[in-house]
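Thanks for coming. I will go through side-chain contacts in one protein model, so please have the sequence and the structure open.

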Amino acid sequence: MNKLFYPKLAGQNIIKNGKFYFPYLLTVVISAAAFYIMTALSYYNDLPEKQRYDYLMMFMTLGSFVLALFIVIFLSYTNSFLMKRRSKELGLYNILGMGKGSIGLVLCWESLYTWLCGIVIGIPLGMLLQKLVMMVVGRMMRFNTVFEFYVSVKGIAATAILFAAVIALTLLNNLRRLHLQRPVELLHGQNAGEREPRTKWLLTLLGIGSLGAGYYIAVTTKDAIVALGVYFVAVILVIIGTYCLFSAVSIAVLKALRRNKRFYYKTGNFISISGMLHRMNRNAVGLANICILSTMVLVMISSTLSLYMGTEDSIRLRYPADISGVFIYNEDDNFDTARLTDGMTKAVRAQGLEPTKIWSYNSMPLFMVENNNELRNMNTGDANGTVVNAVMLTAADYTAISGKELTLAPDEVMYVGGDARYDTLHISIVDGNGSVERREFRTVEQDKSFKIGQYAVYAANIKYLIFPDMAALHDIWKLVEDTAAGNGPVMQMTCNICFDTDDTDEQKRECGEAISDWDNVGPYISGDQIDWERYYINEKTSNAEEFYSLNGAFLFLGGFLGIIFMMAMVLIIYYKQISEGYEDRERYRIMQQVGLQKEEVRSSINKQVLIVFFAPLVVAAVHVAFDFSLVKLMLQLFGLMNVQLAMWCTVGSFAGFALIYALVYMRTAKVYYKIVSE
C-alpha cells in the first residue's frame, strides 16, 4: 500500500466532512491565536517596574491558566460531537475491510493536521492581532508606555505544547472508543439514544434543591466579606442544578405536559413535546453547557464593565480630595488638628500649589458585634450578632465631610447603617470578668448616603456613629481602654487633612511625592511636639492611575475570555443544530407520509427548536438575576458602590448578548432547515 495512502485519506476525510470539521479547525485556530496573545502579554519583560504594570502581568498569567483549562475541556467536548457524526463513516471503513489499526492511523494523521493547522495558522494570526490587542490593553489601563511589537518564543512554545497535549488527549479518547465499539455500533452510533427517557426523580429533586440553595445564598447574603466566601459555593450549586434541570427536571416537565390531554393532543404540541422528550437525554448536557457558558459570559462582561464604567465614582469616593495627609494617632496623644492643618497648608504652598478648598476630619474605627440595637466590644468572645466596623466621628466632622449641618444633643447619635426600627442604641463594653459598662443614646434620622471613602472600600460591614462632640468619643475610648486591661483593641484616631487645587495633575503628583517626606512638612509645624503613630499622603492623580490599571485589566480579561466563551457557545449551537437537523430529516419525511401537511410539520419543528434553543438563554437570565445580588456586594470590595450603574451594565450586557444569540440562531437555523429539507 502506498505510504501516502493514510495521509491522503485523512486529508480527504477532513475536506469531505468540512461541514463538521472546518468549524472545529476554525475553533482550534482562534483558540491558539488567543492563547498565544495571552501568554505573550504575560511574558512581557520590558515594562517599567511599577505596580500598575504588574497588574498586566498578573492578570494575563491568570487569564492564560483559565484559557488553557477551558481549551482542554472545550476541545475535548466538541471532539465528541465531531466523532459522533463520523461514527457511521468509520464503521463503514471497518466493514469494508479496513482494520481498526488502519482507521486509528488515519485518525492520527487527522489529529496531526489539526495540530499543524492550529500552530501554523493560529500563532501567526495571534502575532498579527498582538499589536492591536496591546494597544487596546494600553488604552484600557491608561498606560503611558508604548508597547513595542515582539515575538514571544515562550508564547509559541507554550501554545504548541498545550495544543499538542489537548489534541493527543482527544486522539487517545477516539482510539479508545474505536477499540471498544463493534462495527455495527459505529454504523448506528449517531442514532443511539432514541428511546424515551425515564423520569429521574432523584436527579429532579437534586436539581431543584441545588438551584434553590444557590439562589437562597445569593438572595440572603448581605455582607461583602461573606459574599466573597460563599460565591463559589453558590456557583457550584447552580452549575449542578443547571445540569440536573436540563437532564431531569425538563423530562419531568415534558411528561407532565404530556399527561395534560387537552394540551398534548394538538398537532403542534404533540409533535413538539414528543420530539423534545425523545431527544432530551442526548441534548441535556449540550443545553446545560450553552446555559452555563451564557451565564459566564454575561457575568464576566457585565461585572468587569460595571467596574470600569464606575472607576471615576470609585476614585471620587476613595479620594475625595486632590491631596490629603493622613495621621494615625492614639486618642490620648498630644494631637492638634488645627496646627497640623496650618502647617500642611504651608507645605503644600511651598511646592507651588494654591489650595482652593481646605478641610479636615477625624474618625475612630472599632470592630464591634451588632445585635439588634446593641453594639458590643469583640474581646468578650460573644458570637451572637454580626461583626461590623463601627466608625465613630463627631457632628462637626460629619459636616466637614458631607457639607450638611448637624446638631445633636448630648444623649443623641446618628447611627448610619443601623436598623431604623429602633429609637435607641446601646453601646456595651464588657471586660474579661463579664462586667458591663453601657451607654444609651437616642437615635436620630439617618443620612443613608453618608460614607467616608477610606472606609467605604473596605471588605467589611461598615456602620457610622456620629456623636455630638469629641467628649462623647473620648468617653467610648475610655471605656474600651479601661475594660480591655491591655488585652483589647488599641483605639486609634485617623485625621485626614484635605486639599483641593486647580493645578495640573503633574504638579499635584510632584507635590504629593514631596510632602510624603516629613522633612518637607516638619519645618512648617510650630510650637510643642505633636504625637502620632503613622503619617502618609494620599494623592488622587497617582491613585487614579492605579484604579484604571486594575479595572482596565479586569475589563480586558473579562472581555477577552467572554469572547472566547461566546465562540465556544456558538460552536456548540452549530453542532447541535446540525445534529438535530439530520435527526429531524427522517422524522420530517415520516410525518409527511402519514398525512401531515408540510406547513404543519414545519411549524411544529420550528416551535420545538425555538423552545429548546432559547431555554438556555431564559435560564441564564434567571441565573444572572439572582447572581446580581452577590456580584454587587463583591464589586464593593473594589470600590464600586453605584448599584444602579452595575444594574444597567448587566441589563445592557444581556440585551447585547441576547441580540448576538438571536443572530446565531437565525444563521444556524438556515443550516438546520437546509438539512431537513434535503
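Is Arg509 buried or exposed? Arg509 is buried, because its relative accessible area is 16%, and the cut-off for buried is under 20%. Before I go on, please keep in mind that this is a predicted model.

Let me stay with Arg509 for a moment. Its side chain meets that of Glu506 in a salt bridge, with 2.7 Å from N to O. Both residues belong to helix 16, where they are 3 residues apart, about one turn of the helix. Glu506 has a relative accessibility of 42%, so Glu506 counts as partly exposed. As background, side chains of opposite charge can pair when their charged atoms come close.

How many salt bridges does the structure hold? There are 15. One of them joins Lys508 to Asp322, and the closest N and O atoms are 3.5 Å apart. Lys508 is in helix 16, residues 505-515, while Asp322 is in the loop between helix 11 (311-318) and strand 1 (323-330), so this pair ties together parts that are 186 residues apart in sequence. Both Lys508 and Asp322 are buried. These two residues are also linked with Lys540 in a network of salt bridges.

Another salt bridge is formed by the side chains of Arg438 and Glu374, at 3.9 Å from N to O. Arg438 has a relative accessible area of 43%, so Arg438 is partly exposed. Glu374, at 15%, is buried.

Now to the aromatic rings. A search of the whole structure gives 21 aromatic pairs. Take Tyr308 and Tyr548. Their ring centres are 6.0 Å apart and their planes are at 80°, so the pair is edge-to-face. Where in the chain are the two tyrosines? Tyr308 is in helix 10, residues 267-309, and Tyr548 is in helix 17, residues 540-593, so the pair ties together parts that are 240 residues apart in sequence. Both tyrosines, Tyr308 and Tyr548, are buried.

Helix 17 also holds Phe556 and Phe560. The centres of these two rings are 5.4 Å apart and the planes are at 35°, so the pair is tilted. Phe556 and Phe560 are 4 residues apart in the helix, so about one helical turn separates them. Phe556 is buried, with a relative accessible area of 7%. Phe560 is at 13% and therefore also counts as buried.

Last, the cysteines. How many disulfides does a search of the whole structure find? The search finds 0. Cys495, for one, is in no disulfide, and the nearest cysteine sulfur, that of Cys498, is 8.4 Å away. A disulfide needs the two sulfur atoms within 2.5 Å. Cys495 is at 0% relative accessibility, so Cys495 counts as buried. Cys649 is at 8% and counts as buried too.

That is what I wanted to show.

Technical notes: Residues are numbered from 1 along each chain as its sequence is written. This is a predicted model: local features need pLDDT of at least 70, side-chain atom pairs count only at pLDDT 80 or more; totals for chains, interfaces and linings use all residues. Side-chain values use heavy atoms; hydrogens and water are left out. Buried means under 20% relative accessible area, exposed over 50%, partly exposed in between (1.4 Å probe, protein chains only). Rings of Phe, Tyr and Trp (its six-membered ring) pair if their centres lie within 6.5 Å; planes under 30 degrees apart count as stacked, over 60 as edge-to-face and the rest as tilted. A salt bridge is a side-chain nitrogen of Lys or Arg within 4 Å of a carboxyl oxygen of Asp or Glu.
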